[in-house]
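User: I would like to learn how to read features off a model. Can we go through some cases together?

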Amino acid sequence: MPPRRGADRPTSTREKPQAGGQPSTDDPRIILDRQIGADLFEPIPPYPPRTEREGEFYTLADGEMFLNVGPHHPATHGVLRLVVKLSGEQIVDVDPVLGYLHRGVEKICENSDYYHVIDQVDPLEYISSLFQEWAAVLSFEKLMDVTVPRRAEYIRVLSGELLRIASHTLYMGFLALDLGGLTPILYGFIERDEIVEMLAALTGARMLFNYFRIGGVNGDLNHEFMSRLGDWMSRAARQTEASAGLLNENEIFVRRTRGVGILDRATALRFGVTGGNLRAAGVPFDVRRAHPYSVYPELDFNVPTRTEGDSLARYLIRVDEVRESIKIIDQCLHNMPDGPVMARLPRLLRPHPGRAWGACEGPRGMMGVYSISDGSDGPFRFRIHDPSFINMETVPTLLPGNLLADTMAIVASLDPVMGGIDK
Amino acid sequence: MAVGDRGSRVRAAPARRLAPVPPGELATPIMVPNTLWQPADPLAYEGGRPADVTHLRGFGFTDAGRNDAARWGALQVVPTKADHILDLIRANSLWPLLSGLACCAIEMMSSATSKNDMDRWGMFPFRASPRQADVLIVAGTLTTKMAGPLIRLWEQMPEPKWCVALGDCTVSGGRYKRSYSVVQGIDRVMPVDVYIPGCPPRPEGLIYGMMQLGQLVKDRRGRWNERAIGPNAPDDI
Amino acid sequence: MDRTLETRLEARLADHLRGPVYQRHDETEIRIEAGSVPEVLRILHDAVDLRFEILADLAGVDTGEVMQVVYHLWSPLTSDWLRIIADGLSRDDPRVPSATFLWIGAEWLEREAYDMFGIVFEGNRDLRRIFMPPDYTSFPLRKDFLLPDDAARSPGAGVRHVERACAPAALADDPTAGVRRAPAS
């Protein structure tokens with residue numbers, strides 16, 4: 001066991017250590033870490049290892065040390081704790097500790113009715129919250145045998161693709177921020193603010209939209225949304241190229257991401273990774289094409305795939321997906337049918353007992369919801385499958401061998417959102 | 001040990017009484033001759049003769065409820081108007097600590113970036129280290145597992161410090177009122193100065209809250225003797 | 001709804017199935033015993049006419065009487081999602097063989113099922129709590145873990161329609177009467 005802080009090392013040169021080697025002080029202004037329970041925050045857990053993997057991880061070989069990239073750190077992915085085992089500057093092993101944002105959403109959803117579930121499920125991946133709603137709504141519509149009107153489907157696709165662009169733009173900004181570039185995040189937030197104000201005109205909220213309903217959406221398109229959307233569309237392609245060009249050819253960015261954190265095809269499939277990370281590894285799996293839902297069979301778009309599997313490939317896939325999303329939005333606007341935006345449903349939703357799985361393609365991967373109904377007003381079991389959870393699971397495989405400076409770059413390139421990981 | 005309660009940390013002073021000063025009279029100050037070092041310029045520090053003014057009372061400073069002398073430690077020889085200027089300085093340059101936990105963090109970042117610019121009020125540098133930060137903006141749901149590290153961050157921040165609860169989850173537990181792992185409002189664990197409701201609050205709302213905090217800094221002059229853990233709203237609300 | 005999938009599954013998994021293959025919308029569902037999970041998953045993954053390569057989800061379910069582990073798989077050869085319900089785990093000591101031999105990604109999913117339900121996955125190298133602190137003693141998603149303001153148990157039970165899981169008169173005698181039980185199907 002490596003020596004603990006404060007043991008056999010005086011904390012101040014003015015104090016005289018006593019015979020036992022432990023510094024003591026009568027000065028009430030000096031509070032030693034061990035007095036307020038610093039043991040809790042040491043990287044090494046204070047209990048003996050309970051599993052094989054924990055024992056293997058928390059055993060230090062010669063020349064290794066632990067570094068606690070704690071739940072609070074400047075990389076803005078949220079509260080994630082990575083206990084990193086380092087040998088010099090090189091990472092030997094990493095143990096992600098989750099749960100700092102576990103809010104018990106599944107349990108709350110079991111005690112809520114179906115309308116409230118859609119609201120509760122928003123803050124999971126807060127950056128792209130419509131996709132959680134979409135997965136939940138797909139699952140409930142299967143439980144209740146509801147057909148969604150075509151106009152509602154087109155509005156869903158339209159708002160979803162807009163939010164996908166906003167999420168990818170933020171992803172590019174965060175990736176650059178973690179590599180040290182402070183400018184792209186500002187560009188990213190400008191674009192995101194535009195899109196999100198558009199969606200606020202449509203749904204009423206900037207971030208946690210609560211817009212989708214079982215059987216449709218909450219409200220029809222309105223003038224403000226359409227005028228903002230028109231303004232944005234006239235600039236969208238050029239803005240995308242400009243933001244992407246800021247980073248694509250930047251030598252520092254490319255050299256720090258090319259060949260770093262390679263997730264190959266076999267490993268990605270064994271993890272169950274989905275979304276852009278899987279497509280960057282060479283598997284063209286996109287839920288919109290593999291298992292189409294909504295009106296995606298009628299829309300014409302490509303699924304960008306790359307084979308390298310490194311961070312640069314993951315980044316370039318997102319850039320390509322933004323272009324594809326702009327194409328999809330264009331088609332939606334041209335083909336928008338008329339009609340109602342909500343199916344006719346009873347106020348009190350009581351489906352027959354049964355089980356349903358609904359999955360949609362979010363910006364990070366396949367977002368799935370498995371719900372069990374017992375005939376009452378709310379779901380009996382509401383299980384959320386979040387793509388960021390599986391993406392984060394690849395971190396102990398991707399990080400070892402890289403330098404510490406690449407930690408945040410690799411984690412950022414996987415695009416984790418802690419709300420979804422911790423539910 | 002209650003967090004934020006200075007009284008419980010500072011133990012009672014040892015039983016060594018100073019000579020009591022009769023009210024209204026000036027006591028003779030204890031002058032310690034300077035034998036430690038010599039200034040380079042022999043005429044500096046008034047040439048070595050003792051200073052004329054030795055008490056703040058000489059400057060018209062009274063003790064009637066504005067006892068800032070113990071508060072702003074090193075500046076006891078500065079006239080009291082400077083305390084007001086200090087508060088203005090602090091209010092216009094509140095450096096937040098990056099403490100984004102969940103969704104409200106995105107709105108906090110959005111209010112710090114170009115479109116809603118918090119830099120106009122001097123708040124752009126989000127410090128990563130608590131030692132350099134003034135304000136702890138708790139943005140996002142606080143869970144029981146994260147409460148420990150967050151309190152640690154709060155304790156590490158040097159005074160003067162303020163705390164802003166951003167979003168419904170930090171104000172009262174919000175949409176997670178029934179949850180088993182969410183702290184129902186951060187005022188259960190730390191003293192809060194400004195509450196900003198919303199789920200999430202708009203960036204303009206956050207900026208309004210920070211402006212209220214600036215006003216509070218100027219009004220309350222940073223005294224936190226009456227701050228305690230728990231809702232700090234007055235009883236007549 | 002893929003009828004051919006039903007015949008292929010019955011051909012390959014004849015003696016492992018504990019009930020008919022149930023199909024609804026775009027999902028196919030089979031039920032198996034908890035102990036036969038490794039063989040079934042291996043057959044589904046490797047068989048040339050099945051090839052369920054992508055593990056979509058691994059969930060634990062507490063039905064009130066028994067516990068289940070539910071797997072969702074996807075295959076490029078069929079248009080349906082496949083749901084495998086490993087049924088019949090006891091609520092006192094639920095144990096299932098782990099799926100990590102086939103998909104490493106199941107490791108954290110099984111950790112989550114353990115953390116939330118207490119289901120022990122034998123063969124998982126890292127079965128410790130993932131969301132709750134390591135010294136937490138309860139399993140939150142079990143049906144006997146009631147939230148402090150649980151709708152079925154609160155004094156306002158029965159006032160809102162969502163709280164009428166059972167008749168309010170029954171709650172006075174039995175505090176767990178409000179716990180919902182799963183449907184029989």
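User: Which residues does A:Val322 touch, not counting residues up to four places away in sequence?

Analyst: Some ground rules come before that. This is a predicted model, where local features need pLDDT of at least 70, side-chain atom pairs count only at pLDDT 80 or more, and totals for chains, interfaces and linings use all residues. Residues are numbered from 1 along each chain as its sequence is written, with chains lettered from A and ligands numbered from 1 in the order in which they are written. Two residues are in contact if their C-beta atoms, placed from the backbone, lie within 7 Å. By that test A:Val322 touches A:Ile165, A:His168 and A:Thr240. A:Val322 and A:Ile165 are 157 residues apart in sequence, yet 5.4 Å apart in space, C-alpha to C-alpha.

User: Is A:Val322 buried or exposed?

Analyst: Count the other C-beta atoms within 10 Å of the residue's own, placed from the backbone: 20 or more is buried, 12 or fewer is exposed, and in between is partly exposed. A:Val322 is buried, because 27 other C-beta atoms lie within 10 Å. This residue is found in helix α12 (residues 311-334) of chain A. Helices (H or I, at least four residues) and strands (E, at least two) are DSSP runs, numbered from the N terminus.

User: In what order do the strands of the chain B sheet run?

Analyst: Two strands pair if DSSP finds at least two bridges between them. In chain B, 4 strands form an open sheet, β1-β2-β3-β4, with parallel pairing. The edge strands β1 (96-97) and β4 (194-196) of chain B each pair on one side only. Strand β3 (residues 162-166) of chain B pairs with β4(B) over 3 bridges. B:Val164 has B:Val194 as its bridge partner in β4(B).

User: Which backbone angles deserve a look in chains B and C?

Analyst: Most residues other than glycine have a negative phi, and most peptide bonds are trans. A cis peptide bond joins B:Cys199 and B:Pro200, with omega about -15 degrees. B:Pro200 is in the loop between β4 and α6 (203-220) of chain B. C:His25 has a positive phi, near 50 degrees. C:His25 is partly exposed, with 16 other C-beta atoms within 10 Å.
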